[in-house]
Amino acid sequence: MDFYTPTQSERRPIDWVNAAFLIVTPLVAVLGTAWYVRNYGVTWLEIANVAVMFVLTSLSVTAGYHRFFSHRSYECSKAVKLFYLVFGAAAVENSLLSWASDHRYHHRYVDSPEDPYNILKGGLYAHMGWIFFKDTRDQDRRFENVPDLMKDPLVMWQHRWYLPLVIGFTFLLPTLIGLMGGRPVGGLLWGGFLRVVLVHHTTFFINSLAHLYGEKPYSLKDTARDSWWLAPLTFGEGYHNFHHKFQADYRNGLRWWQFDATKWWINLLNWTGQAWRLKRTPETLILKARLEVDKELVALRARQANASERLWARIQARLDAGSVRLQEAHASYVLARAEYRHRYDDWTQEMRRQWDEKLDAQRADYTAALERWQEMMSAMNRLSQPSAQSLLTLTALMDVLKHRLF
Ligand SMILES: [Zn+2]
Ligand SMILES: [Zn+2]
């Protein structure tokens, strides 16, 4: 199939409208708000204005522009869609059609010249630098990667009416809220300028910081990283390594303790019947990805320690056996757990007791396999830099593993 490859020429002319907006809004947000507070103080309505507008526009970008429209990770009602499109426009990050097209190119060509916010061009470029330049791509072919969105009349309506929507919901709405308290300028500064700058930079962090700092638990193939500290600032989008590996998943933070407000919002929509068909990656695939990363790291260590072909073959055999054993134990446990949950209500007391025992045994088997794997990984990670000593340690380690693990 002939895929369009959008080439971003290195020397693009400056887009003065974008540049002016990105420079003037922070100046007005900081200096203007400071001047206003100094002269007129601040009211609770202004604090509420910035907070509520921030939450509404951020969620429209993360749950709407990103996880719903760009990745189709769930389905939702028309009302929710309309909300995303209206308040998404108020984030002033382009129309949904352009945003989603850029974002799909980002995933498809990540870390390459065709990635619109390629991190390899520098953190500042990926953060906001890329917006300062005119889009020189073939505009007719640019939207080839969003045919589903182009068929959506609501999306096309927002694309056509983007500018009036920006004016109305970015600046006019917060001004009217301010007017309710008799302070329209306060409303404009807090809920308009300050809020739009906050939304901008927290969203931009995903393209810059989330490709620079953090862990890579699910894939080593690109620069995307998971960072727990970025998650609260970005409504959960900080778990970016997971997202790049499993982009169709409606979750970015997988565990209950990982901050993912966007996921919680989508769950809330689901419980209230406003969202459905939430896509989840099967647990077995997630474990497989993590084990692949572990194996790749061990391979790297072995290469650094100059391990011989023979020794490496032995290590690889152990790794493969360990990961197969762990994946099998995990798959049986997940299967048993699903059946337990599904059929529990139909069972007699005695069957429930038997299944409790069976499930406990499977869980214990999986936990034991996991502990063995982790033990093997931490032993491998203790290997030091290339030296004759580390090679000896590696050989000795393999003998220990052979007896202890399998
Ligand atoms: Zn990314
Ligand atoms: Zn994405």
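Predicted model: local features only at pLDDT ≥ 70, side-chain atom pairs only at ≥ 80, totals over all residues.
Local features need pLDDT of at least 70, side-chain atom pairs count only at pLDDT 80 or more, and totals for chains, interfaces and linings use all residues. Residues are numbered from 1 along each chain as its sequence is written, chains are lettered from A and ligands numbered from 1 in the order in which they are written, and side-chain values use heavy atoms, with hydrogens and water left out.

The zinc ion (ligand 1) is held by the NE2 atoms of His 106, His 211, His 240 and His 244, at 2.1 to 2.2 Å. Donors here are N, O and S atoms within 2.8 Å of the metal (3.2 Å for Na, K and Ca); water is not among the atoms, so sites may look incomplete. Along the chain, the donors are spaced as H-x104-H-x28-H-x3-H. Because His 211 lies in the loop between helix H10 (184–207) and helix H11 (240–245) and His 244 in helix H11, the pair ties together parts that are 33 residues apart in sequence. Helices are DSSP runs (H or I, at least four residues), numbered from the N terminus.

Turning to the backbone, Asn 94 is not a glycine, yet has a positive phi of about 90°. Asn 94 sits in the loop between helix H3 (78–89) and helix H4 (96–108) and is partly exposed, with a relative accessible area of 34%. Asp 111, also a residue other than glycine, has a positive phi near 60°. Asp 111 is found in the loop between H4 and helix H5 (123–127) and counts as buried at 18% relative accessibility.

How values were computed:
Helix = DSSP H or I, 4+ residues; strand = E, 2+ residues; numbered from the N terminus. Buried < 20%, exposed > 50% of the residue type's maximum accessible area, 1.4 Å probe, protein only.
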